[in-house]
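I wanted to look at its charges and its aromatic rings.

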Amino acid sequence: MKAPAAPPPPDPKKKEKKKEVIRLERESVIPVLKSRLIMTLANLIENDSDRDEFLKLCKRVQYTIRAWYNIQFEDLMGLYALFDPIHGAQTLEQQKINDDDIDELEQDFLKCLFQVMDKSNFKIASDEELEIANSGQYLLNLPITVDESKLDTKLLSKYFARNPREEKLPEFADKYVIFRRGIGIDRTTDWFIMEKIDMIIARTWKWLMKKVGGDKFFGKKIYKRNKKPRKKRLPSEMEQDFYVERIRIQNMELTVPNVLSKITIQEPTFERIIVVYRRATEEDSDKLDRGIYVKHLKNIPMADLEIVLPEKKNPSLTPMDWVQFIASAVVGLFAVVTSLDMPKADAWVLFAVLSTVIGYCAKIYFGFQQNMAQYQNLITQSMYDKQLDSGRGTLLHLCDDVIQQEVKEVIISYYILMEQGKATLLDLDNRCEELIKERFKFSCNFDVDDAVQKLQKLGIVAKDEIGRYYCIGLKRANEIIGTTTEEMVLKAKQGQAAPRIA
């Protein structure tokens, strides 16, 4: 019996289709609902009495951590009432606070706000992240800029001067700050007729300019957002969690099925975006504008990040668009003049050149009109669909988010020590991440330092002489934390509701 023939070796000349991928850093946020987390871990405990004690411990941990943060959150909300863009001016006037004290109070508010943002695992978007985000196009194809004259620069500059941060601040940090958290994927399936026509005309124009040598002068755009993205290697299977692929029309293969059928484009998103800024005081106003804007948005595509920018300028044709428009007309005129002495056999060449030039001019004009319509649609969508809240509502959401994350970190750490025994800080970190990935299919950079500090503060975790952490037993842990105020209130309610038995 003949052995099966070996498969032919791969053809070295055959190139794989290049993919555009973005490397992303794992975040500390635990993207699992607290109730699901608690019930999943509780169901893994076989002993019924231990399971009940664990559920009781989870409630007491939550009530205690909430009590720890209540005073800080009340201070935050009280300070924001002074700088609410709607009613803040009236509140300040009623309290008759002098300007120097107001300056200190607004710095206190920003300090509290940034602490809450850090605890919620939000990060300030850096210049590099924005550059990577803007290196491609998704649904927004217009260069959007900020009208910096309408933004205050003193508030945030003073804060960062007083409170330097470890990470490098973006260039715009004196005018506004963009916080981001969470990475998702947005996919859009459509015909994209105008975008495909635009791509075909652009590639034809590029080919024509290359033939006549015009690509040296008109082949590159000066838009910052259209810069060629940096080279990115393809990730290995072990690194898939850290990379996200971009699928864009601009990189689409020009085939008949792609042109004549619906296609799906893909872009990574920031799941949560919070923008903080203050408007500049109007010149004719005799009072300083003290309002601080805090806006909360969701699922913003990286390449369309410009839609969250404050005080945007109305987009218009750029100088480069006008240069290309005029250059196209000059090339067309030159082609007509030089072809007057050509034989009739070259009339098709003249027709092809003129058609391409006219098509490119039409592409610039109609493309801009379509992009304007798309821009207005995205702005409307960001107001109604993408915007979660603003002002006080955003702060309340952040306060609750801090508690949820802290509780989840503490519960996971305690469960690992309870089930798997003593562990060093590094081992505990790795075990917690493995548990989240194994049980909930999520990857995150677990904040073990903060979790252990909370456990030690609660008094239910200790450290031995060789640096390993261990937990106190469930029953004893519940005794150490003690009965919380919330439990007493619940017992009182149950006692009132229960019928008396004679």
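My entries on salt bridges, ring pairs and a surface patch follow.

**Entry 1: the model.** I noted at the start that this is a predicted model.

**Entry 2: salt bridges.** I searched the whole structure and got 25 salt bridges. I then went through some of them one by one.

I took Glu433 and Arg26 to begin with. Their side chains meet in a salt bridge, at 3.6 Å from N to O. Where do Glu433 and Arg26 lie? I found Glu433 in helix H13, residues 425-440. Arg26 sits in the loop between strand S1 (20-23) and H1. The pair therefore ties together parts that are 407 residues apart in sequence. I checked the cover on each partner. Glu433 has a relative accessible area of 14%, so I logged this residue as buried. Arg26 comes out at 27%, so I logged Arg26 as partly exposed.

Next I looked up Lys422 and Asp464. Their side chains form a salt bridge too, with 3.7 Å from N to O. This pair links distant parts of the chain, 42 residues apart. I placed Lys422 in the loop between helix H12 (392-420) and H13. I placed Asp464 in the loop between strand S8 (461-463) and strand S9 (469-471). Is Asp464 buried or exposed? At 11% relative accessibility, Asp464 counts as buried, because the cut-off for buried is under 20%. Lys422 has a relative accessible area of 39% and is partly exposed.

Then I turned to Lys454 and Asp450. The closest N and O atoms of this salt bridge are 3.0 Å apart. Both residues belong to helix H14, residues 448-458. They are 4 residues apart there, so about one helical turn separates them. I recorded both Lys454 and Asp450 as buried.

I also followed a network. Which residues are linked in this network of salt bridges? I listed Asp99, Asp103, Glu106, Arg278 and Arg290.

**Entry 3: aromatic rings.** I counted ring pairs next. The count comes to 10 aromatic pairs. One of them is Tyr69 with Phe73, which I logged as stacked. Their ring centres are 5.5 Å apart, and the planes make an angle of 10°. Tyr69 and Phe73 are 4 residues apart in helix H2, so about one helical turn lies between them. Tyr69 counts as buried at 7% relative accessibility. Phe73 is buried as well, with a relative accessible area of 7%.

Tyr159 and Phe160 are both buried.

**Entry 4: a surface patch.** Which residues form the negative surface patch? I wrote down Glu46, Asp50, Asp52 and Glu419. Glu46 lies in the loop between helix H1 (34-43) and helix H2 (48-83). At 75% relative accessibility, Glu46 counts as exposed, because the cut-off for exposed is over 50%.

Note on methods
Residues numbered from 1 in each chain as written. Predicted model: local features only at pLDDT ≥ 70, side-chain atom pairs only at ≥ 80, totals over all residues. Heavy atoms only, no water. Patch = residues over 30% accessible without salt bridge, like charges linked within 9 Å, V, L, I, M, F, W, Y side chains within 5 Å. Areas by Shrake-Rupley, 256 points an atom, 1.4 Å probe, with all protein chains shown as cover. Salt bridge = Lys/Arg side-chain N within 4 Å of Asp/Glu carboxyl O. Lys, Arg positive; Asp, Glu negative; His and termini not counted. Charge placed at Lys NZ, Arg CZ, Asp CG, Glu CD. Helix = DSSP H or I, 4+ residues; strand = E, 2+ residues; numbered from the N terminus. Buried < 20%, exposed > 50% of the residue type's maximum accessible area, 1.4 Å probe, protein only. Phe/Tyr/Trp six-rings, centres within 6.5 Å; stacked < 30°, edge-to-face > 60°.
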